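Let us walk through this structure step by step. Keep the sequence and the 3D view side by side.

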Amino acid sequence: MPSSVKDRPTTDHEYVFLLAKTAEYFYDIDAIRQPHVTFTEKSKMKGGRNHFGKVNGTPEEGKNGGNANLHDGRWDQAFHPLGRNRRTVWEIPLSKFRDAHFAVFPEKLAELCVLAGSPQNGVVLDPFLGSGTTAVVAQRLGRKYIGIDSNPAYCAIANDRLHQPTLL
Ligand SMILES: C[S@@+](CC[C@H](N)C(=O)[O-])C[C@H]1O[C@@H](n2cnc3c(N)ncnc32)[C@H](O)[C@@H]1O
């Protein structure tokens, strides 16, 4: 929601709660991995600082092929090939579909939760469906969905979104 405060910093984050009914639960860590920092363009420190012994260096360009930076030089074990475990701060632009409902999720936010929290053909429940973002994403990602909203007008918007032809 917009916040135009003048006596404190503007809040620009929200919390996502991961709730589970049992101590062991479905969680697909690989589905939402993120790039290793040391392998991204950003990490090459384009400001010219030395990184692993070279300007704009990557780990492999470091001393002894980068092995000096690890205790045993096992790059294959130190860096998961699919990326590092997703971090808890996600930077996601606002949704483009904001006119119809006051608080539409960005699809990316729902996407990360659906991918990590449900298997293919699993069921995703959103008890506060609003304009239907969670269900739209669940459908696109091959999950079933159940959506609930106390406002019939929002249910109608969600239904319309869910039954629009998809571009393949
Ligand atoms: C923050 S919005 C959800 C927006 C949604 N994520 C989207 O992308 O459009 C919360 C929704 O919860 C609905 N809501 C509030 N109280 C409810 C209740 N007791 N039962 C069901 N829905 C409720 C509101 O009508 C509103 O659409």
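Start at the ligand. A polar side-chain atom of Asp-149 lies 2.7 Å from an oxygen atom of the ligand. This is a polar contact, a pair of N or O atoms within 3.5 Å. Thr-133 has an N or O atom in its side chain 2.6 Å from a ligand oxygen atom. Ser-150 uses its backbone: a polar atom there is 3.1 Å from a nitrogen atom of the ligand.

This is a predicted model, where local features need pLDDT of at least 70, side-chain atom pairs count only at pLDDT 80 or more, and totals for chains, interfaces and linings use all residues. Residues are numbered from 1 along each chain as its sequence is written, and side-chain values use heavy atoms, leaving out hydrogens and water.

Now turn to the helices (DSSP runs of H or I, at least four residues, numbered from the N terminus). H2 covers residues 107-117 and H3 covers residues 133-140. Their axes, lines fitted to C-alpha atoms over the stretch in contact, are 9 Å apart. Thr-133 of H3 is among the residues that meet H2, with contact meaning heavy atoms within 4.5 Å.

Definitions and conventions: Axes fitted to C-alpha atoms, helices over the stretch in contact; angles between N-to-C directions. Helix = DSSP H or I, 4+ residues; strand = E, 2+ residues; numbered from the N terminus. Polar contact = N/O pair within 3.5 Å; in protein donor to acceptor, adjacent residues only side chain to side chain.
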